[in-house]
Amino acid sequence: MTASTESTASAGAPLDERRPRGRFSDVASRSGLLGIWVLLIVLFWVLRPETFMTGSTFKAIFSSQQALVFLAAALLCTIIVGEFVDLSVPSVLSLSATILPLLAATHGWNEWVASLVAILACALVGCINGGLVVYLGVNTIVVTLGMSTFLLGIELLLSGSNYITGLSLSFQKIDVLNVLGLPISFYYGIAGMLVFAYVLGFTPLGKHLRFVGSNREVSRLAGVRVNRIRFGAFVAAAVIAGIGGVIASAGIGGWNPSVSDSYLLPMFAATFLGTATVQPGRFNPIGTLAAIYFLATGIQGLQLLGAGEWVTDVFYGGALVIAVAVSTIVHRMLSGRA
């Protein structure tokens with residue numbers, strides 16, 4: 001919370017009581033999800049001590065979420081500037097992941113050149129999305145839902161509705177190279193979210209992004225180039241998703257376009273749940289990163305307890321509903337205290 005929020009919330013209390021309560025409330029709100037995460041780990045440890053607290057379990061949790069980390073980072077780009085529902089992000093990642101093996105394995109292109117072309121294709125999609133939403137005023141949901149369906153069709157056409165494989169083992173190392181027991185792509189996600197958090201918190205660009213997301217008209221009157229920032233957010237989201245697609249495709253040596261829809265619910269669940277920690281009531285990269293692995297821990301633990309495939313949809317769906325409800329409540333509380 002800001003200083004003004006804290007002072008308003010503690011108005012009327014004795015001076016020596018205001019600060020401790022404010023600090024405790026602040027720490028609790030910022031670290032609540034992390035505390036629940038720890039309790040969840042302890043719970044699964046008690047229930048399944050022989051299988052949960054093992055290196056293989058934690059490797060499964062932390063080495064399988066890279067695509068989701070990039071998708072959530074891409075979604076944050078548009079959410080932070082006020083475009084809350086970009087439904088095309090998973091299909092943009094899938095486009096990159098489809099183009100790479102198609103060009104490299106099927107047509108013999110150099111894999112790095114194919115990767116660049118795939119990311120540029122995603123950037124073009126971002127330009128189209130941004131142009132339609134920002135400059136033509138088309139509804140974001142309509143544009144991104146239509147683009148998502150369009151891209152899925154293109155990907156199925158290009159792949160022949162089949163799994164495309166054939167990337168070289170040397171190229172796959174950009175994802176699977178082992179570093180301290182985890183694939184190197186895990187560290188890409190950590191580094192990317194840290195850089196994102198730095199940009200948002202400590203640079204003029206980050207302040208402008210937040211400003212535009214809070215109030216476009218006031219931002220415009222303050223001299224911020226609102227439309228340029230909104231357009232850039234769509235392009236940045238597409239590029240980040242494109243990079244994630246290259247890494248995801250490299251990790252498994254190919255891609256199946258039909259899996260892209262399965263990322264949509266987890267992406268939104270993690271992004272909204274991230275508003276419950278680090279910076280309560282605000283979309284933030286570090287909170288989103290924590291939420292991704294919190295959700296992965298829950299699903300992994302429940303599966304070890306014998307839950308079937310249904311648990312993934314139930315857990316992510318429930319998490320999304322709870323996260324949106326908590327985010328709404330926290331936002332109202334902070335607004336009421338401001």
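Visitor: Which helix gives the largest share of the lining of the largest cavity, and how many residues come from it?

Guide: Before the answer, please keep in mind that this is a predicted model. The general idea is that a cavity is a space where a probe fits but cannot get out, and that its lining is the set of residues with an atom within 4 Å of that space. In this structure the largest share of the lining, four residues, comes from helix 12. Helix 5 (89-106) and helix 12 (226-252) each supply at least two residues of that lining.

Visitor: How many cavities of 30 Å³ or more are there, and how much space lies in the largest cavity?

Guide: The count comes to one cavity of 30 Å³ or more, and the largest cavity holds about 40 Å³ of space. Its lining is made up of Asp86, Ser88, Val89, Val92, Asn129, Phe234, Ala237, Ala238 and Ala241.

Visitor: How do the residues of that lining divide into nonpolar, polar and charged?

Guide: The lining of the largest cavity contains six nonpolar residues, two polar ones and one charged one.

Visitor: Turning to electrostatics, how many salt bridges does a search of the whole structure find?

Guide: The general idea is to look for a side-chain nitrogen of Lys or Arg within 4 Å of a carboxyl oxygen of Asp or Glu. A search of the whole structure on that basis finds three salt bridges. In one of them the side chains of Glu83 and Arg216 meet, with an N to O distance of 2.8 Å. That pair links distant parts of the chain, since Glu83 sits in the loop between helix 4 (66-80) and helix 5, whereas Arg216 belongs to helix 11 (residues 216-221), 133 residues apart.

Visitor: Are Arg230 and Glu83 buried or exposed?

Guide: The general idea is that a residue counts as buried when its relative accessible area is under 20%. Both Arg230 and Glu83 are buried, and for Glu83 the relative accessible area is 3%. Arg216, by contrast, counts as partly exposed because its relative accessibility is 28%.

Visitor: How far apart in helix 11 are Glu217 and Arg220?

Guide: Glu217 and Arg220 are separated by about one helical turn, because they are three residues apart in helix 11. Their side chains meet in a salt bridge with an N to O distance of 2.9 Å. Arg220 is partly exposed, with a relative accessible area of 36%.

Visitor: Which residues form a nonpolar patch on the surface?

Guide: The general idea is to join nonpolar side chains within 5 Å, taking residues with over 30% relative accessible area. Here Val38, Val42, Leu43, Val46, Leu47 and Leu305 form such a patch, and together they have about 490 Å² of accessible area. Leu43, one of these residues, has its place in helix 2 (residues 15-47) and counts as partly exposed at 42% relative accessibility.

Visitor: What separates the C-alpha atoms of Ser214 and Gly82, 132 residues apart along the chain?

Guide: The C-alpha atoms of Ser214 and Gly82 are separated by 7.2 Å. Ser214 lies in helix 10 (residues 204-214) and counts as exposed at 62% relative accessibility. For Leu151 and Val125, 26 residues apart along the chain, the C-alpha separation is 9.2 Å. Leu151 lies in helix 7 and is buried, with a relative accessible area of 4%.

Notes
Residues numbered from 1 in each chain as written. Predicted model: local features only at pLDDT ≥ 70, side-chain atom pairs only at ≥ 80, totals over all residues. Heavy atoms only, no water. 1 Å grid on protein atoms, 1.4 Å probe; cavity = no way out; pocket = protein on both sides within 12 Å on 5 of 7 lines; lining within 4 Å. Points joined across faces, edges and corners; volume = space filled by probe spheres on them. Nonpolar A, V, L, I, M, F, W, Y, C, P; charged D, E, K, R; others polar. Patch = residues over 30% accessible without salt bridge, like charges linked within 9 Å, V, L, I, M, F, W, Y side chains within 5 Å. Areas by Shrake-Rupley, 256 points an atom, 1.4 Å probe, with all protein chains shown as cover. Buried < 20%, exposed > 50% of the residue type's maximum accessible area, 1.4 Å probe, protein only.
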